[in-house]
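Q: Could we go through the charged pairs in this one together?
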Amino acid sequence: RLFVGVALKGLKLLRAKRLTLDELIQEVAAQSLRTGLLFGGFSGWWHGSESLFGQMAPRASPRARTFIAALIASPWLLVEQKDFRHTCAIYTMARAVQVLFNRFRKRHPEIPAVPHGDSLLFILSSAQIMFAYALRPDTIPESYYTFIRKIGPMTESQLQSVRDRTYAPGG
C-alpha cells in the first residue's frame, strides 16, 4: 500500500512538472527512510521496553507491559509527516472505540450484540467527517476537504449556502 501511494504521488508530481526525476527519487528515498525509521524504531523500542519492563516488574500483567511499552515507543511516530500521523490517529481512535465497546459488552452481557458493528463504526466515523466537510471545513485537514470536494457532487457555493442556513459558529 505504501509503495502504491508513493508511486502515485510521484507520478502526480511528475505530471505537474513540479519535480525532476532526481527530486522525485530524493522524495521517494526520504519517504522510505521515514517509514523505515517509524516501523524499525517503534518495534525496536517497543520490544526492548516491553522486555525491560517485564524484568523490572515481573508481576505486571502482559496488558500493562504492552501499554507501557507502546507509550515509550510512540514518539517514533514523530518521524512521519503530520498528515500520516493524523491518519494513524483516526484509525487508532476508531479501533480503540471498537475495542472499548467489545470489552464493555463482555462485562455487561445484557447489552445485545451489534450485528455488523464494524460497519456501523465506519458509518459513524464517516458521518463525522462528512459533517465537518459540509459544515465545519476548518476542523479537518485541507487534504481531506480537497479530496472530498474533487469527488463530491456539490459546488463550493452550494456548500457555503448549506453552511449559512444550517450552522452559525458561536450562535
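**Salt bridges**

A: Let me start with Asp 138, which is exposed at a relative accessible area of 61%, where exposed means over 50%, buried under 20% and partly exposed in between, with a 1.4 Å probe and protein chains only. Keep in mind that this is a predicted model, in which local features need pLDDT of at least 70 and side-chain atom pairs count only at pLDDT 80 or more, while totals for chains, interfaces and linings use all residues. Residues are numbered from 1 along each chain as its sequence is written, and side-chain values use heavy atoms, with hydrogens and water left out.

Q: Ok, and what does Asp 138 form a salt bridge with?
A: Its partner is Arg 136, with 3.4 Å between the closest N and O atoms; a salt bridge here is a side-chain nitrogen of Lys or Arg within 4 Å of a carboxyl oxygen of Asp or Glu. Arg 136 counts as partly exposed, at 24% relative accessibility.

Q: How many salt bridges are there in the whole structure?
A: The search finds 5.

Q: Which residue does Glu 80 meet in a salt bridge?
A: Glu 80 meets Arg 34, at 4.0 Å from N to O. Glu 80 lies in the loop between helix H3 (62-73) and helix H4 (82-107), and Arg 34 in helix H2 (residues 21-56), so the pair ties together parts 46 residues apart in sequence; helices are DSSP runs (H or I, at least four residues), numbered from the N terminus.

Q: Buried or exposed, that Glu 80?
A: Glu 80 is buried at 4% relative accessibility, and Arg 34 is buried at 17%.

Q: Switching topic, which residues form a network?
A: Salt bridges link Arg 149, Glu 156 and Arg 163 in a network.

Definitions and conventions
Helix = DSSP H or I, 4+ residues; strand = E, 2+ residues; numbered from the N terminus.
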